[in-house]
Amino acid sequence: MKNSARREFLKTSLLGSAAVVSSVNTLNAVDMASGPILDESQKYSASHFGAFKAHTKGGQFTGVSDFVDDKFATPMIQALPSRTYSPTRVKYPYVREGYLKNGHKSDTSKRGSEKFIRVSWDEALELVAKEVMRVQNTYGYKSIYAGSYGWFCVGKLNNPQRLMNRMMKIAGGYVGRTGDYSTGAAQVIMPHVLGTNEVYEQQTSWDMVLKHAKNVVFWGADPMITNQIAWEIPAHEAYGYMNELKKLSEAKKINVMSVDPVANDTQRYFEGEHIRIRPNTDVAMMLGMAHHLYATKMYDQEFIKKYTVGFKQFEQYLVGETDKTPKTPEWAEKICGVSANTIRKFAEKLMKERSILMAGWATQRADHGEQFHWMMVTLCAMIGQIGLPGGGFGFSYHYAGGGTPTADAPGLTGISTNIVSDKEGPWTKYKPFNIPAAKAFDMIANPGKKIQFNGKEIVYPDIKMIYWAGGNPMHHHQDRNAMLKAWKKLETVIVHEPHWTSTARMADIILPTTTEIERNDIERVGDYSSTHFLALQKAVEPVGESKDDFEICREICKRWGYEKEFAENKTPMQWLEQFYSDALAQGVEKNISIPKFNEFWKIGYVKFETPQSAKEYVRHADFRENPMLNPLGTPSGKIEIFSKIVDGFKYEDCKGHPMWFEPVEWLGSRKATKSSLHLLSPHPKYRLHSQLSNTWIRDLYEVNGREPIWIHPEDAKKRGIKNGDIVRVFNERGSTLAGAIVTNATSKGVLRMCEGGWYDPLEAGKIGTMCKHGDVNQLTIDKGSSSLAQANIANTALAEIEKYTGVIPKITVFEEPKTARK
Ligand SMILES: Nc1nc2c(c(=O)[nH]1)N[C@H]1C(S)=C(S)[C@@H](COP(=O)(O)OP(=O)(O)OC[C@H]3O[C@@H](n4cnc5c(=O)[nH]c(N)nc54)[C@H](O)[C@@H]3O)O[C@H]1N2
Ligand SMILES: Nc1nc2c(c(=O)[nH]1)N[C@H]1C(S)=C(S)[C@@H](COP(=O)(O)OP(=O)(O)OC[C@H]3O[C@@H](n4cnc5c(=O)[nH]c(N)nc54)[C@H](O)[C@@H]3O)O[C@H]1N2
Ligand SMILES: [Mo]
């Protein structure tokens with residue numbers, strides 16, 4: 001049957017069905033050749049916002065309906081058709097005009113301002129293949145930064161970073177990264193203290209929390225917002241538990257509390273006790289609590305003796321033997337702004353009743369961010385409830401459904417950077433060389449500079465080229481103007497992107513990629529709950545000439561003569577089948593029956609059962625039961641309140657036990673600065689960072705076409721700022737316009753502006769120019785948290801704000817940039 005005839009046939013045969021017919025073009029796609037025929041009414045797809053069924057009409061993606069097992073779908077999935085056809089889609093490969101003329105010898109100061117010339121795929125791929133090899137051969141692999149941090153679409157095959165790293169490994173190597181922006185500090189300190197990273201580990205089940213806890217404390221955590229998304233596919237079960245928690249709090253069975261400078265969505269949902277704390281001072285508050293428990297001998301000495309090491313050294317600091325400063329509640333009050341009385345009462349309450357502290361990650365995205373999680377573990381050790389149901393701490397309840405019980409499911413692998421080849425090639429000499437994720441631009445700016453990282457010295461190489469696939473550094477990195485300066489030093493910048501993001505606009509070569517709906521893939525539902533495997537079934541043809549990252553990398557490797565090393569002679573569909581078959585084999589071993597691949601693909605998903613035992617999971621219960629038989633992965637096998645290893649690094653900014661350190665900028669700063677307000681940049685309710693900004697969803701939250709900024713009524717009054725005003729936020733690092741929301745949801749002295757507002761420079765490409773739209777990273781600091789983790793400190797920054805009285809510039813970042821044909 002011919003394509004068009006078949007389409008007609010399907011249209012009529014499915015008339016009246018609630019499910020929506022999608023384009024049959026899919027059936028002709030090359031990569032479907034080896035795959036089964038799809039029942040057209042059952043096209044599933046997914047995103048970081050959730051799984052859905054795709055509605056299509058005339059070959060266009062037109063809408064979504066909720067996935068049957070997602071009871072709390074987020075409105076963000078509704079914006080996906082708009083994202084697919086946003087005017088900011090990159091439809092063709094482009095090269096910056098000057099770069100097309102002069103290649104790596106181009107005038108790089110024109111990056112970001114020159115127009116883009118549309119080229120053919122052949123030309124673009126040829127250019128990229130040659131340039132990567134030129135840089136490899138001229139300067140060696142340490143001159144290419146391909147650490148490419150960031151998010152992208154879901155899917156086990158189309159992971160742009162893995163694909164690109166696989167390709168770069170084949171070419172001879174690259175400078176990669178270690179860690180991330182999310183938990184950069186916690187994930188380095190926690191292994192020293194608990195033997196695991198803790199932030200990405202399964203938590204005590206919500207079932208146990210709801211059954212046993214008396215106090216649930218959200219400490220710098222906003223799960224009502226941040227649980228909407230997941231690294232894999234969220235099914236949002238956490239919101240069911242939140243509803244239960246709300247009922248229990250209304251029935252006065254559980255106290256829900258929040259420690260946060262802001263009355264965030266979660267606080268406003270539960271309406272429990274709110275302890276407003278000065279930003280970046282939580283460690284001081286916890287020390288005050290610890291001192292009170294210590295001074296009154298209320299703390300659990302048995303627990304400390306049996307399960308921890310190093311309390312002695314910490315104790316000397318706590319009482320002031322080492323620095324003549326006892327960390328009393330009164331001492332803490334002066335720093336954190338919470339009254340000594342509240343500190344004492346709070347500590348006693350947690351001590352006397354079953355209490356769980358659920359911490360988010362914003363507190364460690366700060367100067368000396370390592371100390372927060374270390375101190376919280378120490379405080380919880382003194383409280384003595386670690387390993388009890390509904391007690392202790394939890395560092396991932398706010399993310400991707402942590403605490404949602406884990407189903408009995410096999411693992412699902414994905415594309416890897418292992419090169420299978422019996423040939424000798426550049427990849428045989430590959431040696432990994434990684435730098436901490438947030439140090440990328442410090443490295444580019446300062447070749448040869450030496451830094452410390454977790455006990456090791458790193459010498460920055462001299463980077464000549466950036467290759468970014470997956471992630472938007474021109475949004476996520478701190479101190480935009482310092483970053484721009486480093487960026488302009490590079491000979492070549494290559495970016496894979498579906499959208500004209502700020503990063504794409506600053507590239508020399510931009511290769512347009514597809515998104516989930518335009519390709520086949522496979523993904524797991526539930527980072528923690530692992531409830532389903534889902535088939536992402538291509539529902540529409542790629543927008544413009546965009547290609548899958550897999551295809552782009554395969555084409556480049558082909559030009560080097562290494563296509564086989566890259567693709568292993570497998571089509572995308574065959575890769576998916578392999579990932580699935582690996583899981584199937586594992587399933588057989590574990591006695592989990594799952595259908596064959598063809599059947600799975602036809603049905604769209606496979607669901608796994610969650611056993612009762614998972615609902616009864618209590619983190620660290622085995623350790624508590626028998627610390628000798630079930631030791632932690634630390635040198636002592638116990639909780640390390642004092643770490644000999646960390647102490648041995650002899651760092652001035654991270655010592656052997658948790659301590660209060662003054663951040664470089666904070667409301668108690670002794671440093672002279674013209675800025676008087678602390679700027680926090682949490683994660684947005686209606687976006688994933690910068691993603692979805694280029695859709696109608698922007699209309700739900702923007703103020704006067706700008707990213708909103710929350711300001712306390714008193715701070716606003718002092719500056720003559722009214723609700724809805726366009727304001728200028730500034731400090732010595734940069735400036736941006738924003739839309740004011742005057743509200744006492746934020747504390748006096750605290751500004752709140754979400755990360756991810758698209759950077760829209762007043763003068764394109766110019767260093768130091770104002771952002772017209774609301775890129776908060778104009779104002780943040782590019783500094784490592786400490787010599788230990790070198791993590792970003794996005795939440796440590798002071799800024800000033802004023803009513804904007806100049807000419808209001810037009811927002812242009814949501815239009816296509818200047819392009820031309822050759
Ligand atoms: N001030 C401040 N800054 C922060 C934070 C903060 O709290 N405050 N948080 C930090 C944190 S925790 C994070 S995780 C980062 C997030 O930073 P990023 O992860 O870099 O931000 P995203 O906007 O998610 O960028 C993902 C990009 O990938 C693109 N993409 C989507 N699908 C594909 C694909 O299939 N292929 C390719 N090649 N590209 C694709 C999207 O279009 C998008 O531009 O931001 C960090 N920055
Ligand atoms: N909708 C949505 N969900 C997301 C994301 C998104 O972009 N959009 N991003 C995802 C990603 S990549 C990550 S890493 C996580 C991030 O998860 P988190 O890092 O936990 O989230 P944030 O929104 O940065 O901050 C959470 C809370 O910390 C508070 N806070 C900030 N500074 C301080 C402080 O000094 N002390 C105290 N006590 N509280 C403070 C903020 O006011 C906020 O209420 O979220 C994930 N979930
Ligand atoms: Mo993150």
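A: Ligand 1 has 36 residues around it, and Trp151, Asn472, His476, Glu497 and Ser690 come nearest. Here a residue is near a molecule if one of its heavy atoms lies within 4 Å of it. This is a predicted model, in which local features need pLDDT of at least 70 and side-chain atom pairs count only at pLDDT 80 or more, while totals for chains, interfaces and linings use all residues. Residues are numbered from 1 along each chain as its sequence is written, chains are lettered from A and ligands numbered from 1 in the order in which they are written, and side-chain values use heavy atoms, with hydrogens and water left out.

Some polar contacts to ligand 1 can be named. A polar contact is a pair of N or O atoms within 3.5 Å; within protein, one must be able to donate a hydrogen and the other to accept it, and residues adjacent in sequence count only if both atoms are side-chain atoms. Asparagine 777 has a polar side-chain atom 2.8 Å from a nitrogen atom of ligand 1. Threonine 513 also uses a polar side-chain atom, 3.4 Å from a nitrogen atom of the ligand. Glycine 471 brings a polar backbone atom, 3.3 Å from an oxygen atom of ligand 1.

Now ligand 2. Of the 36 residues around ligand 2, those that come nearest are Asp260, Asn280, Asp282, Arg365 and Arg687. Arginine 365 places a side-chain N or O atom 2.7 Å from an oxygen atom of ligand 2. Histidine 689 has a backbone N or O atom 2.9 Å from an oxygen atom of this ligand.

Next, the domains. Domain 1 covers 94-179 + 416-607, and domain 2 covers 186-406 + 626-648. These bounds come from an automatic or database domain assignment. The two C-alpha centres lie 37 Å apart. In contact are 19 residues of domain 1 and 23 residues of domain 2, where contact means heavy atoms within 4.5 Å. The domains bury about 1,600 Å² between them, 58% of it on carbon and sulfur atoms. Buried area is the accessible area (1.4 Å probe) that two parts lose on being put together, summed over both. Trp151, Asp527 and Tyr528 lose the most area on the domain 1 side, together 49% of what that side buries.

What links the domains? Ten residue pairs are in polar contact across the interface, both residues at pLDDT 80 or more. On the domain 1 side, β20 (521-525) and β21 (532-536) each give two or more residues. Such strands are DSSP runs (E, at least two residues), numbered from the N terminus. β20 gives the most, with three residues. There are also two salt bridges between the domains. A salt bridge is a side-chain nitrogen of Lys or Arg within 4 Å of a carboxyl oxygen of Asp or Glu. Glutamate 232 forms a salt bridge with arginine 524, with the closest N and O atoms 2.7 Å apart.

Key: Helices (H or I, at least four residues) and strands (E, at least two) are DSSP runs, numbered from the N terminus.
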